[in-house]
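Here is a short report on one structure, arranged by topic. Please read it alongside the sequence and the coordinates.

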Amino acid sequence: MITTVTMEKTDFLPAPQRFEAGTQPVSQAVAFGEAIRYLEAVGLPAIEAHEERLAERLVSGLSVIPGIRVVGPPAGVSRSGLASFDVAGAHAHDVGQYLDAQGIAVRVGHHCAQPLHRRLGLTATTRASTYLYSTDDEVDRLLAGVAEVRAYFGVA
Amino acid sequence: MPDALAGLYQQVILDHAKARTGDGPLDGADAEHYERNPTCGDEITVRVALDPDTGTITTLAWQGDGCSISMASASVLAELAPGLTLAELAERTDAFRAMMRSKGAGEPDEDLLGDAVAFQGVSKFVMRVKCAMLSWVAAEACSTQLAARA
């Protein structure tokens, strides 16, 4: 922010105010506080436990579907609530399209990790993630959808 | 099968994605072009060989890695191209591009495009249009090389 501006010269406020021109993100700051209160009311340990349980359901469920290769830690190893996987014979974009048609949103591609994918011998993977608002039923719907993909594309 | 997919994955497309025409190297190609879609990582190298007497395409071959739409499209193109002059290929490429830009509204000419009309449904899925265009764009670049040499 400035104090005085003329055609010849600009005077700024001292730091940090001089770097904070314009409208402050007031609504975001208020919402951020509310979000933290919400998470603390639910309880961070409870969220972590829920996420880990869903991750285990996701990874162990994916691991037993024929043709599915989960990348990253295997089932039984603690991980955050997401898993990237390869579907043998079906490209991740086709897998994503198939799941999308069932109302299931996943991310597909190299997930900003091209060298890792190359190292794993993959060009793209499908990634499903869970959080505190995800349910067992939703994980099961994803698993059911993934189990159908290879047959749909004739590669089962 | 989810109904929403029926328009996208026509049986013709699924068949071509599995049993691919023109998938492989081509010795003695007259032109070669590599094309890549950076957003999804799909890549393809298209090679074209011409009959030196007539100037028509004898073979269009390709090697690539990508989704079923891009691979099937390359297969359909490899089936369509032999026997065509570069001008005739350009005419079909223009028709294919117009269809892919139609957002499902176009009425493709089956006499001109053959199996490629199956991609009409893909034009409704804007994210997948580039998949379908990949090999055609690479073939177009081959034609440009050949025309510059002629």
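## Salt bridges within the chains

A:Asp136 and A:Arg53 join their side chains in a salt bridge, with N to O at 3.2 Å. A:Asp136 sits in helix 5 (residues 136-152) of chain A and A:Arg53 in helix 2 (residues 44-63) of chain A, so the pair ties together parts that are 83 residues apart in sequence. A:Asp136 is partly exposed, at 25% relative accessible area. A:Arg53 is also partly exposed, at 42%. The model is predicted.

In chain B, B:Glu140 pairs with B:Arg97 in a salt bridge, and their closest N and O atoms are 2.7 Å apart. Here helix 5 of chain B carries B:Glu140 and helix 3 of chain B carries B:Arg97, so this pair ties together parts that are 43 residues apart in sequence. B:Glu140 is partly exposed, with a relative accessible area of 27%. B:Arg97 is buried, with 17%. Back in chain A, shared partners link A:Arg53, A:Arg57, A:Asp136 and A:Asp140 into one salt-bridge network.

A:Asp11 forms a salt bridge with A:Lys9, the closest N and O atoms being 2.7 Å apart. A:Asp11 counts as partly exposed, at 30% relative accessibility. A:Lys9 is partly exposed too, at 48%. Over all chains, the whole structure holds 11 salt bridges.

## The interface of chains A and B

Contacts join 13 residues of chain A to 19 residues of chain B. The area buried between the two chains is about 1400 Å², and carbon and sulfur atoms give 58% of it.

A:Asp94 forms it with B:Arg128, and the closest N and O atoms are 3.0 Å apart. Eight residue pairs are in polar contact between chain A and chain B, both residues being at pLDDT 80 or more.

## Core and buried positions

The largest nonpolar core has 70 residues. A:Leu62, B:Val46, B:Ile69, B:Phe96, B:Met100 and B:Phe119 touch the most other members. Helix 5 (residues 126-149) of chain B gives the largest share, 10 residues. In soluble globular proteins, nonpolar side chains tend to be buried together.

Beyond its neighbours within four places in sequence, B:Ile69 is in contact with residues including A:Asp94, B:Phe119 and B:Arg128. B:Thr45 belongs to strand 2 (residues 42-50) of chain B. B:Thr45 is buried, with a relative accessible area of 13%.

## Backbone features

The peptide bond from A:Ala15 to A:Pro16 is cis, with omega near 5°. A:Pro16 lies in the loop between strand 2 (10-12) and helix 1 (26-42) of chain A.

A:Cys112 is not a glycine, yet its phi is positive, at about 60°. A:Cys112 is in the loop between strand 5 (107-109) and helix 4 (114-119) of chain A. Is A:Cys112 buried or exposed? A:Cys112 counts as exposed because its relative accessibility is 70%, and the cut-off for exposed is over 50%.

B:Lys103, not a glycine either, has a positive phi of about 55°. The loop between helix 3 (86-100) and helix 4 (110-113) of chain B holds B:Lys103. At 59% relative accessibility, B:Lys103 counts as exposed.

Notes
Residues are numbered from 1 along each chain as its sequence is written. Chains are lettered from A and ligands numbered from 1 in the order in which they are written. Side-chain values use heavy atoms; hydrogens and water are left out. Contact means heavy atoms within 4.5 Å. Buried area is the accessible area (1.4 Å probe) that two parts lose on being put together, summed over both. A salt bridge is a side-chain nitrogen of Lys or Arg within 4 Å of a carboxyl oxygen of Asp or Glu. A polar contact is a pair of N or O atoms within 3.5 Å; within protein, one must be able to donate a hydrogen and the other to accept it, and residues adjacent in sequence count only if both atoms are side-chain atoms. A nonpolar core is a set of buried Ala, Val, Leu, Ile, Met, Phe, Trp, Tyr and Cys residues joined through side-chain atoms within 4.5 Å. Buried means under 20% relative accessible area, exposed over 50%, partly exposed in between (1.4 Å probe, protein chains only). Helices (H or I, at least four residues) and strands (E, at least two) are DSSP runs, numbered from the N terminus.
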